[in-house]
Amino acid sequence: LGPLSLISAHTTYPDDPSLCETAVLARLESKTGQAVSILATIGGVQPDRQEFIVKGTKSSRRVTDFHKDAISDGGAFIALREPPKDPRAISLKAQLDDLSLHLAAKPNRLATMEEAFRIQTLVESILAKTL
Amino acid sequence: LKKEAAIMAVKVAIIGLGIMGQRMLTHMRRHQNFEPDYLWDPDESACHQALILDPQSKIMDSANDAISEADLVYLACPPAVREPYALAAAAAGNALFLEKPFGINLDDSAKLMAGLQTYNVPVAVNFTQASGAALTDLLAAKDRGDMGYLLGVDIILTYPAWPRQWQKGADWLRFRAEGGMTREVISHFLFFHRTRFGAFITYIGTYDIS
């Protein structure tokens with residue numbers, strides 16, 4: 001995965017070997033040690049939680065559920081704006097705008113096959129590392 | 001891409017009318033550059049639901065019939081059955097938009113990628129969530145230098161159950177062979193990180209974080 005390497009991963013599966021993972025703990029690092037840490041679990045009475053937190057020296061940003069945007073300068077994360085009413089519509093519209101560019105052979109943000117394959121390689125590496 | 005499609009709305013075939021297929025059908029219909037008129041799925045109830053969502057579209061007799069009418073083929077069927085449709089579409093000169101992962105495993109993906117590379121057609125893979133406004137804005141903040149040096153990323157997911165309630169129709173998501181949250185959700189974040197932050201991570205390699 002380009003500048004990142006998979007340092008460690010512990011993936012947990014249920015007793016039924018046909019079923020998918022129930023927990024993932026993984027760490028990826030850049031060549032100089034900046035880490036991408038992954039904690040993912042299933043179970044317990046709780047709402048869905050999906051957070052992507054990018055930590056900076058001046059401010060950090062947290063994106064929750066792919067569309068709720070918050071910032072911290074050391075204190076609590078504060079929402080940057082009202083979340084959109086239909087975030088999926090915005091994401092899909094953006095994908096389709098990029099798809100139009102792709103079909104016109106113009107620069108775009110869509111994943112190429114090679115990029116998708118690199119991601120799949122990393123994902124399968126994580127899934128293969130069991131406790 | 002067939003020449004005429006570049007100057008007018010693109011005729012689209014959607015193969016696979018589950019959650020993602022229906023969702024893409026709805027949003028392609030709203031988009032001026034796409035005409036998602038040709039649909040196919042082996043499940044009659046999925047076809048019925050798609051027609052309720054979008055009465056303007058047609059359920060074709062077979063996947064190949066849908067592919068033959070289109071300039072762009074969107075494959076939202078499960079990975080296990082994706083390869084023959086992808087290769088048939090590419091052989092017909094169609095552009096391809098694929099759900100991820102495009103193969104059921106790495107060997108199949110590598111084989112499919114090699115097969116598609118023999119055709120000179122546009123191919124892209126859909127990581128929808130990486131294009132959201134919040135992640136786009138985060139990237140802009142990073143580019144402006146508002147965040148300072150990036151020190152790392154934490155990805156945290158917790159779910160009471162998997163698949164989530166709204167995904168129950170996609171039964172394959174609960175199985176180890178094709179499903180799971182790592183492939184389905186974490187992959188979006190890794191794609192975003194890889195394509196949007198890769199260069200920056202290289203840059204901060206000169207920064208002493210100790």
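**Exercise 1. A proline in a loop**

Task: Find where P163(B) sits in chain B, and work out which residue is joined to P163(B) by a cis peptide bond.

Solution. Keep in mind throughout that this is a predicted model. Start with the location: P163(B) belongs to the loop that runs between β7 (150-159) and α7 (181-203) of chain B. Next, step back to W162(B): the peptide bond between W162(B) and P163(B) is cis, with omega at about -5°.

**Exercise 2. A backbone angle in chain A**

Task: Find the loop of chain A that holds F66(A), then look up phi of F66(A).

Solution. The loop lies between β5 (60-64) and β6 (68-72) of chain A. Phi of F66(A) is near 70°, and this is a positive value in a residue other than glycine.

**Exercise 3. Two helix pairs within chain B**

Task: Decide whether α1(B) and α2(B) are roughly parallel or roughly antiparallel, and do likewise for α4(B) and α5(B).

Solution. Begin with helix α1 (residues 19-30) and helix α2 (residues 44-53) of chain B, whose axes come within 10 Å and cross at roughly 20°. Angles under 35 degrees count as roughly parallel, so α1(B) and α2(B) are roughly parallel to each other. Their crossing is right-handed.

Now turn to helix α4 (residues 82-91) and helix α5 (residues 106-117) of chain B: their axes come within 10 Å and cross at roughly 10°. The pair α4(B) and α5(B) is therefore roughly parallel as well. On the α4(B) side you will find E83(B), A86(B), L87(B) and A90(B), facing K111(B), L112(B), G115(B) and L116(B) of α5(B). These residues divide into five nonpolar, one polar and two charged.

**Exercise 4. A helix pair across the chains**

Task: Work out how α2(A) and α5(B) are oriented to each other, and list the residues that make their contact.

Solution. Helix α2 (residues 113-128) of chain A packs against α5(B) at about 175°, with the axes 10 Å apart. Angles over 145 degrees count as roughly antiparallel, so α2(A) and α5(B) are roughly antiparallel. Chain A brings M113(A), E114(A), F117(A), Q120(A), T121(A) and E124(A) to this contact, and α5(B) brings L106(B), S109(B), A110(B), M113(B), L116(B) and Q117(B). By class there are six nonpolar, four polar and two charged residues.

**Exercise 5. The whole interface**

Task: What area is buried between chain B and chain A, and how many salt bridges does the rule find across their interface?

Solution. First the residues: the contact takes 90 from chain B and 84 from chain A. The buried area is about 8100 Å², and carbon and sulfur atoms give 65% of this. I156(B), R176(B) and R194(B) supply 9% of the area that chain B buries against chain A, more than any other three residues.

Finally, the salt bridges: the rule finds four across the interface. A salt bridge also links the side chains of E124(A) and R183(B), at 2.6 Å from N to O. E124(A) is also one of the α2(A) residues in contact with α5(B).

Conventions: Residues are numbered from 1 along each chain as its sequence is written. Chains are lettered from A and ligands numbered from 1 in the order in which they are written. This is a predicted model: local features need pLDDT of at least 70, side-chain atom pairs count only at pLDDT 80 or more; totals for chains, interfaces and linings use all residues. Side-chain values use heavy atoms; hydrogens and water are left out. Axes are lines fitted to C-alpha atoms, for helices over the stretch in contact, and angles run from 0 to 180 degrees between N-to-C directions. Helices (H or I, at least four residues) and strands (E, at least two) are DSSP runs, numbered from the N terminus. Angles under 35 degrees count as roughly parallel, over 145 as roughly antiparallel, 65 to 115 as roughly perpendicular and the rest as oblique. A crossing is left-handed if the near helix is turned anticlockwise from the far one by less than a right angle, and right-handed if clockwise. Contact means heavy atoms within 4.5 Å. Buried area is the accessible area (1.4 Å probe) that two parts lose on being put together, summed over both. Ala, Val, Leu, Ile, Met, Phe, Trp, Tyr, Cys and Pro count as nonpolar, Asp, Glu, Lys and Arg as charged, and the others, Gly among them, as polar.
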